[in-house]
Amino acid sequence: MQVSPIVLWFRQDLRLQHHPAYEAAKATGQPIIPLYILDDDSTNSWKIGAAQQWWLHYSLLSLNKDIEAQGGQLILRRGNPTEVFESIFKESGAHNIYWSRCYEPFAIARDTQLKKDFIAQGINVKSFNASLLFEPWKIQTQQGQPYKVFTQFWKRCLAQGPRFSTFEKTPPPQFYTHLKSENLESWELTPTRPNWAKGFSDLWQPGEHGAQQKLEEFMAHHLKNYKETRNLPDKYGTSRLSPHLHFGEISPHQIWQRVHQSSSLTSSSERYLSEIGWREFSYHLLYHFPSLPERPFQEKFAAFQWQHNSHALEAWQKGQTGYPIVDAGMRELWHTGWMHNRVRMIVASFLTKHLLIPWQEGEKWFWDTLVDADLANNAASWQWVAGCGADAAPYFRIFNPILQGEKFDPEGYYVRQWVPELKNLANTFIHKPWQASETELRQAGITLGNTYPHPLVNHEAARKLALESYRQL
Ligand SMILES: Cc1cc2nc3c(=O)[nH]c(=O)nc-3n(C[C@H](O)[C@H](O)[C@H](O)COP(=O)(O)OP(=O)(O)OC[C@H]3O[C@@H](n4cnc5c(N)ncnc54)[C@H](O)[C@@H]3O)c2cc1C
């Protein structure tokens, strides 16, 4: 008698190692159908952005290669998951589905409904945790409430300690090989004309192997100085694992264990793990406050008088604000699909406080252009910078883009890399070209207003206006 196969539905867990659902499926000895669905739900306002489509394409290629090496094939289907599953059940006779949990509000709603429908049809569903150290509902205050302050949240997490699945030696996988897959190329996930992603592959290798390589490189060369260099955008000081974490090509458990294995904890490794903690905190917030991507966490900010200025928004998006560190960040984002964390804070502060443009506009732009765009991290971070989030920087803390540039890019290497029209300007003026004399500008080949813009707003005036708007609130 033919044994009924198990559908292993891959979503944000595009790896084979340390994969609880895959291990559980293998342990049954039943044939596995590895499935990825490109969900075209038009009602979901957070559909995957353009930069992440590029990433997804290569990540699926990599996953398929690994599955093929084990004797199977990743089955690709496009469409509404209910309809896709109906035909998969019909074609294969499967009545088991395993998946790793997702925590985005639309994913929770979709999965809850699917589970209900499947159970009614006699289909068995098992879900697993593959992407968080702590399930959001497992960390609570003594009053049984979600945490709203990071330090208290992380202290509680550390006291509780993460739980690890032990991966006992499972038998090699059996695959069900009678299903047809759609052709990945036909999904057209990568850009063609213009190919704005041509710089991406210099920096990124999507997929599980790329993730492991990044982790090993970070462990070998950068972790020891992480605490000192993590804020310097011209240095390779951080792990650059964010897109890999987002797509589940590596899990925080693997990172946690690798860091603990390497040596006794140092202040740098503790600091690094606490950044993974910020990721956990963002998911905790998104789970308990599902309107986080759309509405201010602090209700009073709903009445804030934001300005809607499409000219200024476009200048910010294109890296043409006249503030070199802001422009460098926005151009790094466009060329690489990533931006250094310190610079993300500076550009976000500039948008929300100097330009008074709603944080949701910045969030949307990041969503489309970041390869690591992540609903939880992006929403929580934008709200944090805008001052309206949980445990947020107070609104009146307005980053000065000149001083931030001088402090974190003192030699101007970062600015020169991404804003080459300023490359011949002396360090003294690299973060404030408008203060250079006519002669200095001419010698550096710069004509303000022509080769590089005048500042979009005056820092001091913008700061006063922002504080005034805040006071009115
Ligand atoms: C306005 C703004 C928007 C952001 N949007 C995103 C986003 O869409 N996706 C995203 O993954 N991160 C986002 N971040 C957080 C942070 O900038 C990135 O996670 C980090 O720069 C990724 O680089 P890394 O992997 O080298 O980080 P590392 O310093 O090596 O940190 C390791 C991991 O910890 C997590 N992490 C680090 N800092 C944070 C943080 N502040 N909040 C939550 N998790 C963190 C990430 O998963 C990261 O990969 C945003 C920050 C700001 C200020």
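Reply: This is a predicted model. Before exposure is discussed, one cut-off is needed: a residue is buried if 20 or more other C-beta atoms lie within 10 Å of its own, exposed if 12 or fewer, and partly exposed in between.

Me: Is E188 buried or exposed?
Reply: E188 sits in the loop between β6 (174-175) and α6 (200-203), and its phi is positive, about 50°, although E188 is not a glycine. Because 10 other C-beta atoms lie within 10 Å of E188, the residue is exposed.

Me: How does L356 count, with its C-beta neighbours inside 10 Å?
Reply: L356 belongs to the loop between α14 and α15 (359-369), and for a residue other than glycine it has a positive phi, near 55°. The number of C-beta neighbours inside 10 Å is 19, whereas a buried residue needs 20 or more and an exposed one 12 or fewer. L356 therefore counts as partly exposed.

Me: Between which domains does the ligand lie?
Reply: Of the 27 residues around the ligand, those that come nearest are T238, S239, S242, N378 and S381. Two or more residues of this shell come from each of α9 (242-246), α11 (267-288), α14 (341-354) and α16 (375-386). Since the shell draws residues from both domain 2 (131-164 + 207-288) and domain 3 (299-472), the ligand lies between domain 2 and domain 3.

Me: How many residues of the shell around the ligand are charged?
Reply: Sorted by class, the shell around the ligand contains 11 nonpolar and 9 polar residues. The remaining class, that of the charged residues, has 7.

Me: What is the handedness of the β-α-β crossover from β4 to β5?
Reply: Strand β4 (residues 96-100) pairs with strand β5 (residues 124-128) in the parallel sense, over 5 bridges, and N96 has N124 as its bridge partner in β5. Between these two strands the chain passes through helix α4 (residues 105-120), and the crossover is right-handed.

Me: Within what arc do the buried residues of α5 fall, seen down its axis?
Reply: In helix α5 (residues 150-160), the residues F150, F153 and C157 are buried, whereas the exposed residues T151 and A159 are carried on the face turned away from the buried side. The buried residues line one face of the helix, because, seen down the axis of α5, they fall within an arc of 65°.

Definitions and conventions. Residues numbered from 1 in each chain as written. Predicted model: local features only at pLDDT ≥ 70, side-chain atom pairs only at ≥ 80, totals over all residues. Near = placed C-beta within 6 Å. Helix = DSSP H or I, 4+ residues; strand = E, 2+ residues; numbered from the N terminus. Nonpolar A, V, L, I, M, F, W, Y, C, P; charged D, E, K, R; others polar. Domains from an automatic or database assignment. Pairing = 2+ DSSP bridges. Right-handed = clockwise from strand over helix to strand, strands pointing away. Arc of directions from axis to C-beta.
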